[in-house]
Amino acid sequence: MRAQFVMSEIGVGLRRNLTMTFAVIISVALSLALFGGSLLMSEQVGKMKGFWYDKANVTLYLCNKQDAQEAGDAAAKNGTPGVATCAKGAVTEDQKKQIEAELKQMSLVKSVAYESADEAYKHYQERFGNTALASSITPDQMQESFRVKLKDPEKYKVVTSAFAGRDGIHTVDDQRQAIDDLFKILNYLNMAAIGIMLIMLVVALLLIVNTVRVSAFSRRRETGIMRLVGASSFYIQVPFIMEAAVAGLIGALFACAMLVSGQYFVIDHGVGLREKIQLIDFMGWGSVLAKLPYVLFIGLLMPSMAAFIALRKYLKV
Amino acid sequence: MIRFDSVSKSYPKQSRPALREVSLDIAKGEFVFLVGSSGSGKSTFLRLILREERASHGQVHVLGKDLAKLSNWKVPQMRRQLGTVFQDFRLLPNKTVAENVAFAQEVIGKPRGEIRKAVPQVLELVGLGGKEDRMPGELSGGEQQRVAIARAFVNRPALLIADEPTGNLDPQTSVGIMKLLDRINRTGTTVIMATHDQQIVDQMRKRVIELEQGRLVRDQSRGVYGYQH
């Protein structure tokens, strides 16, 4: 088989169906960009999960006098004492020691840090400075707390269930809960991207099937003659498959360009998310470049398969 | 070369079979006319030889091979030993005369050197020397048919199948084409030609096979187009 002859046939075929070829290239490019994007997104989410989970604590807030006062007031109003937290008064030194000892005993716990009300007040002032809100707060209103780091951040619920509702404990606040909600949203977004990608991919494949049908029809004279003089079916089919593969590859290259420029213009420069949102550890070029071979491979393989299947139907060999 | 062994062919959705119990032999080097009115089964007969269709019953042997036992992927190899010519020429309008002929060799992977040698040779043989670079649209019908014959013959097939090759040509041009086919036949190539052209058949005095409603009704060496009633 002569490469030059085959190549010129492919060029003729692609030019003949120029509009259809464009449609194929665009839909392949969009679907593969979404594919690469969702791969990157799930990697980013995984990375963020590790990063945030590592930083997140379980915090046990302890009852102060004010909490006890409020609980007492509420109980008096409802006539049911002892239901609300802190109903038994502010936390005592014994309770504190007991809680700390129990925390340290748990195999799950990596470290326990105590924060006094004064320290909490100081941190509060640092964060909110001289706003009206900050100046209205007194150290009395701040709660003492235990900050607990876990060995396995996924298991925060064990701590929550062990200490929530105990005497002297106001609330058990696990920051992971909030993070989980965020990840849930990111996860939904990712699933939506994958859904759109699948639809686009189906559109791309249907377009390819149609393109092959049209080009098989417009070349039925050539293929008929090829058949009569004894060209192998492989030889007759190759130009059609190559056409789809070339269009798919061009689409995949566009998709790669979109991913690379997304990293460049949105994260690194331009919009500059890496600069602006320093809380998020964005992935680097290595992750982006590692996805490109997959994008190219699928861009080459899927259209070729679609063309091959379409040929079974529309090209008699 | 070709043997039909009580071959029948029916198409789906058609109650009447296209061929019924046809048996015949065609030897190497023969020149055979296939005659019969439209719908008599001539085209089906040729399509069976080309293995574009398979027989419903009976056996078709071409070039010593039982076509029923020939697997699909071997069909192209078999077709390389057959040349075909049609009433409508079937040339590629966007390729020159030489490219049209070369196409038949390119698609079966002949080396370029061989093609460059064979194409002018066969064009000379069919009487189109010097017209290599013309486009098919610039040629007369007879010349276009010569290009088609050159393309069918360039791979030196053992068997040439012609389906009404003179159907679109005036009588004088037809005579030229027949002379060319006769010359090809003399090189040892078996020729089977389906035709409606009474004059040609009567003049050539070759073997005549007549089909009528799918049946073989006449097989006559040195025959004429039809019985004069």
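Predicted model: local features only at pLDDT ≥ 70, side-chain atom pairs only at ≥ 80, totals over all residues.
**Notes on the two-chain model**

1. The phi of B:Leu63 is near 50°, a positive value in a residue other than glycine. Is B:Leu63 buried, exposed or partly exposed? With 20 or more other C-beta atoms within 10 Å a residue counts as buried, and with 12 or fewer as exposed; B:Leu63 has 16, so it is partly exposed.

2. B:Arg90 is another one to look at. Its phi is about 55°, again positive although B:Arg90 is not a glycine. You'll find B:Arg90 in the loop between β6 (82-86) and α3 (97-106) of chain B. B:Arg90 has 18 other C-beta atoms within 10 Å, so this residue is partly exposed.

3. Now to strand β8 of chain B, residues 190-194. Why can we call β8(B) largely enclosed by the rest of the structure? Because five of its five residues are buried. In a regular strand, side chains alternate between the two faces of the sheet. Here both faces of β8(B) are covered. B:Thr190, B:Ile192 and B:Ala194 are buried on one side, and B:Val191 and B:Met193 are buried on the other.

4. What pairs with β8(B)? Strand β3 of chain B (residues 31-35) runs parallel to β8(B) and is joined to it by four bridges; B:Leu34 has B:Ala194 as its bridge partner there. Strand β7 of chain B (residues 159-163) is also parallel to β8(B), with five bridges between them. In that pairing, B:Ile161 is partnered with B:Ile192. To get from β7(B) to β8(B), the chain passes through helix α6 of chain B (residues 171-186), and this β-α-β crossover is right-handed.

5. On to the nonpolar cores. The largest has 70 residues, and the members that touch the most others are B:Leu34, B:Val101, B:Val122, B:Leu123, B:Ala150 and B:Leu160. Which residues does B:Leu160 contact, leaving aside neighbours within four places in sequence? They are B:Gly83, B:Val85, B:Ala152, B:Phe153, B:Ile184, B:Thr189 and B:Val191. There is also a second, separate core of 39 residues, which includes A:Leu14, A:Val24, A:Leu201 and A:Ala252.

6. How many residues does each chain bring to the contact between A and B? Chain B gives 14 residues and chain A gives 15. On the side of chain B that touches chain A, the elements giving two or more residues are α2 (75-79) and α3 of chain B. By class, that side of chain B has six nonpolar, four polar and four charged residues.

7. Chain A has twelve helices and four strands, while chain B has seven helices and ten strands. Of the 317 residues of chain A, 32% count as buried; for the 229 residues of chain B, the buried part is 41%. Looking at contacts with a separation of 6 or more, residues 24 or more positions apart account for 82% in chain A and 67% in chain B.

Conventions
Residues numbered from 1 in each chain as written. Chains lettered and ligands numbered in written order. Pairing = 2+ DSSP bridges. Right-handed = clockwise from strand over helix to strand, strands pointing away. Contact = placed C-beta atoms within 7 Å. Nonpolar A, V, L, I, M, F, W, Y, C, P; charged D, E, K, R; others polar. Core = buried A, V, L, I, M, F, W, Y, C linked by C-beta atoms within 7 Å.
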